[in-house]
Amino acid sequence: MNWHQDYIERYKKLKEQGKSFFPYAVLKDTIMAFFILALLCWFAYHFGAALEEPADPTDSNYNPRPEWYFLFLFQALKLFPGNLESVAAVLLPGLGVTFLFLLPFLDTGPERNFLKRPFFTLLGVGTLAGIGYLTYQGTVSPLTNPIIEKDPLVFAGQRLYVSLNCSYCHKIGGKGGSVGPELDKVASGETEEWLEKHFREPQSVSPGSTMPKLNLLDDEIKVLVAFIKSLGGGEGFTEEAPKVFAENCAMCHKIGKEGAEVGPDLSLIGTARDKNYMRKYIEDPSKLNPSSSMPGYKGQLTDVQIEDLARYLSAQKGD
Amino acid sequence: MKLLWEWMKSRLALAEIWNALFSRHVPEAEGLVGWLYTLGSASLFVFFIQVITGSLLAMNYVPSPDHAYDSIRFINEQVIFGKWIRALHHWGATFMVVVVSLHMLRVYFMGSYKYPREATWIVGVILFLLVMGFSFTGYLLPWDQKSYWATMVGANIASQTPAIGSYIAKILKGGDEMGAVTLTRFYAIHTLVLPGLILVAILIHLFLVVWHGISEPPQKNKGSDKKAGA
């Protein structure tokens, strides 16, 4: 690289012609520091630091909103539905960071003026514009994060299941004791009312059962029921569901090879959304995604049909 | 008194340090461009604010799920200036991200990462990632709804990494579930691991800035003249 030597010589001259760091640069730095301190105090005084309710791992209604400078990343997640989420979540930021690390070895010419490095200037401006646009989109649309949507009640129920040592007698996914029934095969098909009664007083619904009465709190029963119901065994849809889909949804949505491509392809929707989310979305899409042009089906379809459809869709996992 | 000063000057090489750091000449940068050159030192300044306010907060904070939230309320309501210090630390974090990003953009668009300052840039990128690490780990500490669920999302995003995702999430959370271990882990990372790393990175970054000299503002003509001559 011929220009390296020239640059060092030219820089030496520029440095000699320049001013002493103290006091000239230090003065500017100090003024800047005071300006920032003043601005920071103003923000701290006017906005303070919020403190919300204590963390509640069982609160399924809480919709997390990230710090504003991460908003663009969350908004980007929405552009990559289903299995492609990892593209937005990991691959793009990973590529960005790799690019930053490699930058000095990609742009190696002597030119420093941004007008004379049009490629890198455009790349920078384009990235900034993209981040700006996504951030704006993120602030105007309420956040429903695709990854988080697994029900927190289920998490809490799972934790309780572990801490109560239920697996001493029960199997889930083939793991656990064999005194009681295999929960993912049997219990998840029961109704919520049945499960609730069962947790309160096992013998009242299963005469002769050796399951002990656990004296659980109402909240604990709620999360356990949610957990058991989430295991999926009895969560089947009826054979009506594909027909309902064909009649009402297929003009816009695709599953496998059937259907149109006006709206998103739903072949893998079950990997990203659970049944409850699908039900809410079918009932009224605008609540979860204001920019959606899909109509709401509450009233168009019966609640039973919507539930059935939601189960059908949440079972679409591409296998 | 004078004797003490002379002793310190000779034993601590104060004059030499002063010459190397403060009497060094820097290329002229005038007008608005000159002010863009203050963003680096501004980042350092905000870092100091974070160190001071963070240390004060750590004195009253308890990193356990049972007490974290209450200790924040204690800081807000009982500690003298506690509310203020927390607000400063909270907004300081935002300022840090903004100032560091602006600094990075200045360097990017002025092409200051070019020879001979490639290493300075790379250490700068590491510093940027460390700042993001501070932001992510600090967010959980108040243990309120927002911090809990936002961190849950963050951990879930990390778990999306192909092949090793679930391990990363497990290491972050300290297990399958988010709980007491996650909180102490984030606290240790936020107050011990990252400060150690960032101090080393800052020192290297500053040393390189002084060693290579601060880059001169790009000139419209000189660059191409040089190219013709090269």
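Predicted model: local features only at pLDDT ≥ 70, side-chain atom pairs only at ≥ 80, totals over all residues.
Thr271(A) counts as partly exposed, because it has 15 C-beta neighbours inside 10 Å. Here a residue is buried if 20 or more other C-beta atoms lie within 10 Å of its own, exposed if 12 or fewer, and partly exposed in between, with C-beta atoms placed from the backbone. Thr271(A) sits in helix α11 (residues 269-272) of chain A.

Residues are numbered from 1 along each chain as its sequence is written, while chains are lettered from A and ligands numbered from 1 in the order in which they are written.

## The two chains

Helices (H or I, at least four residues) and strands (E, at least two) are DSSP runs, numbered from the N terminus. Two residues are in contact if their C-beta atoms, placed from the backbone, lie within 7 Å. The table sets out chain totals.

| Quantity | Chain A | Chain B |
|---|---|---|
| Secondary structure | 14 helices, five strands | 11 helices, one strand |
| Buried residues | 23% of 319 residues | 41% of 230 residues |
| Contacts joining residues at least 24 apart, among those at least 6 apart in sequence | 65% | 69% |

Along the sequence, chain B reads α-α-β-α-α-α-α-α-α-α-α-α.

In chain A, helix α12 (residues 275-283) has these buried residues: Lys275(A), Tyr277(A), Met278(A), Arg279(A), Tyr281(A) and Ile282(A). They pack against α13 (285-288) and α14 (303-314) of chain A.

## Where the chains meet

The contact between the chains draws 63 residues from chain A and 68 residues from chain B. On the chain A side, at least two residues each come from α1 (2-17), β1 (19-20), α2 (21-47), α4 (85-106) and α5 (118-140). By class, the side of chain A that touches chain B holds 33 nonpolar, 11 polar and 19 charged residues. For these classes, Ala, Val, Leu, Ile, Met, Phe, Trp, Tyr, Cys and Pro count as nonpolar, Asp, Glu, Lys and Arg as charged, and the others, Gly among them, as polar.

β1(A) and strand β1 (residues 25-26) of chain B run antiparallel and are joined by two bridges. Pairing requires that DSSP finds at least two bridges between the strands. Lys19(A) stands opposite Val26(B) in β1(B).

## A helix pair in chain B

Two packed helices are described by the angle between their axes and the distance between the axes. In chain B, the axes of helix α6 (residues 82-109) and helix α7 (residues 118-140) come within 11 Å and cross at roughly 160°. That makes α6(B) roughly antiparallel to α7(B). Axes are lines fitted to C-alpha atoms, for helices over the stretch in contact, and angles run from 0 to 180 degrees between N-to-C directions. Angles under 35 degrees count as roughly parallel, over 145 as roughly antiparallel, 65 to 115 as roughly perpendicular and the rest as oblique.

The crossing of α6(B) past α7(B) is left-handed; that term applies if the near helix is turned anticlockwise from the far one by less than a right angle, and right-handed applies if clockwise. From α6(B), the contact uses Ala93(B), Met96(B), Val97(B), Val100(B), Met104(B) and Val107(B). From α7(B), it uses Trp121(B), Gly124(B), Phe128(B), Val131(B), Ser135(B) and Gly138(B). These contact residues divide into nine nonpolar, three polar and no charged.

## Backbone details

The peptide bond between Phe22(A) and Pro23(A) is cis, with omega about 5°. Pro23(A) belongs to helix α2 of chain A. In chain B, the bond from Tyr115(B) to Pro116(B) is cis, with omega near 5°. Pro116(B) lies in the loop between α6 and α7 of chain B, the helices of the pair described above.

Asn165(A) has phi near 60°. The loop between α6 (152-163) and β2 (171-172) of chain A holds Asn165(A). Asn165(A) is exposed, with 11 other C-beta atoms within 10 Å. Phe81(B), not a glycine, has a positive phi of about 60°. Phe81(B) is placed in the loop between α5 (68-77) and α6 of chain B. Phe81(B) is exposed, because 11 other C-beta atoms lie within 10 Å.
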